[in-house]
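Please open the model in a viewer and keep a selection tool at hand.

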Amino acid sequence: SLPAAVTIYEVGPRDGLQNESAVVPVDVKAEFVGRLVGAGLPIVEATSFVHPRWVPQLADAAELVARLPMDGPTPLPVLVPNERGLDRALEAGARHVAIFASATETFASKNLNSSLDEQMAMFEPVVVRAREAGLEVRAYVSMCFGDPWEGAVAIDQVVSVGRRLLDLGASQLSIGDTIGVGTAAHVQALVRAFGDAGTGTESLAMHFHDTYGQALANAHAALQAGITTFDASAGGLGGCPYAESATGNLATEDLVWMLDGLGIEHGVDLASLVETSVWMAGVLGKEPASAVVRALG
Ligand code: HMG
Ligand code: MG
């Protein structure tokens, strides 16, 4: 049976905007986050404290956080890869952080300039210090279904990386299909494998990208497997800045539409979310990727 309620973890301001070629002014980002909170999203990932050379789109992280209600009722987590990122995030006033690991050696090298073991060594003091400061730490795992350089990624490898992050003290794993190649049976096998290793669905979130059009089907498969936290991006923002037609994250509106049809609670006001995504599409000067936004907008 399907869960009665789910938590939608909104990643548009971070995962969406980090992949847009246009750099959005900080005041527009702050308005975007505010509108998403206003639409009822229970958690909105705001930005990343990474090296600005690696993600210039989010170089204004500290200025943005200064404009946001970080102590308000809606958690506004930020990504931090290392202690330098944590220092910057704490100084800016962040109250929730997320680290981001890779399931594969190649992506750890490309995304974090690290090996699999080095990324864990980098994260360990981040998690310890964040928890000492009273913060909960989410941990992403990327390339859980496939990797553009390594091809298929073994389920055991994903479970092993995920378990190491939980052992460091992360409170939730977000299982990322970074390149959108996963399919429904694979999703369910991965959730089962985590369960067999002692990690239940309450510690897992699913993070789907829609590159192959599978994100919504995968979300449904994950619901059937008992997952109750889903990452999604308003309007389906994101995609590769170098490929005009490449798609981004699972669109929040598309997820909401499916959940409404299934009678699953989520607390989001679809009309104001669509209005927000139409506005942001106008800012970016492009059509929204979300089918539901195009249908209703
Ligand atoms: P590095 O070059 O190895 O860093 O990069 P380093 O530790 O050698 O330091 C080099 C310089 O960078 C030093 O400055 C540091 O102070 C500075 P210098 O002494 O040369 O003047 N530095 C920093 N500055 C600002 N903020 C920091 C920071 N850290 C070091 N945090 C590093 C290593 C991790 C920094 C780099 O690889 C990086 O920033 N990577 C981020 C990549 C990224 O943001 N990717 C996108 C997010 S992941 C994602 O989107 C996937 C996800 O959505 C899930 C999914 O879909 O799978 C989450
Ligand atoms: Mg992502």
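Is Met143 buried or exposed? Select Met143: it is buried, because 27 other C-beta atoms lie within 10 Å. The term buried requires 20 or more other C-beta atoms within 10 Å of a residue's own, exposed means 12 or fewer, and partly exposed lies in between, with C-beta atoms placed from the backbone.

Two remarks on conventions are in order. This is a predicted model, in which local features need pLDDT of at least 70 and side-chain atom pairs count only at pLDDT 80 or more, whereas totals for chains, interfaces and linings use all residues. Residues are numbered from 1 along each chain as its sequence is written, while chains are lettered from A and ligands numbered from 1 in the order in which they are written.

**The loop at Met143**

Remain at Met143, which lies in the loop between strand 6 and strand 7 (146–147). Helices (H or I, at least four residues) and strands (E, at least two) are DSSP runs, numbered from the N terminus. The phi of Met143 is positive, near 60°, although the residue is not a glycine. Most residues other than glycine have a negative phi.

Nine strands are arranged in the order 2-1-11-10-9-6-5-4-3, with parallel pairing; two strands pair if DSSP finds at least two bridges between them. At the edges are strand 2 (43–44) and strand 3 (47–48), each of which pairs on one side only. Now select strand 5 and strand 6, which run parallel and are joined by six bridges. Phe100 has Tyr140 in strand 6 as its bridge partner.

**The core**

Select Val78, Ile99, Ala139 and Val141. In the largest nonpolar core, which has 88 residues, these four touch the most other members. Such a core is a set of buried Ala, Val, Leu, Ile, Met, Phe, Trp, Tyr and Cys residues joined through C-beta atoms within 7 Å. Beyond its neighbours within four places in sequence, Val141 is in contact with residues including Ala101, Val158, Leu165 and Ile175; contact means that the C-beta atoms, placed from the backbone, lie within 7 Å.

**Ligand 1**

Which residues come nearest to ligand 1? They are Gly85, Asn113, Ser142, Gly176 and Thr178, out of 23 residues around the ligand; a residue is near if its C-beta atom, placed from the backbone, lies within 6 Å. Helix 4 (83–92), helix 5 (105–112) and strand 6 (137–142) each supply at least two residues of this shell, and the largest share, three residues, comes from helix 4.

Proceed to helix 5, where Phe107, Ala108 and Leu112 are buried. Viewed down the axis of helix 5, these residues fall within an arc of 105° (taken from the directions from the helix axis to the C-beta atoms), so they line one face. Their cover includes strand 5 (97–102), helix 6, strand 6 and strand 7. Asn113 follows helix 5 and has a positive phi, near 55°. Asn113 is partly exposed, because 13 other C-beta atoms lie within 10 Å.

**Helices 9 and 10**

Finally, select helix 9, whose buried residues include Ala215, Asn218 and Leu223. Their cover includes strand 9 (172–177), helix 8 (184–196) and helix 10. In helix 10 (residues 252–262), Thr252, Glu253, Asp254, Leu255, Val256 and Leu259 are buried. Just after helix 10, Gly263 takes a positive phi of about 70°.

Technical notes:
Two residues are in contact if their C-beta atoms, placed from the backbone, lie within 7 Å.
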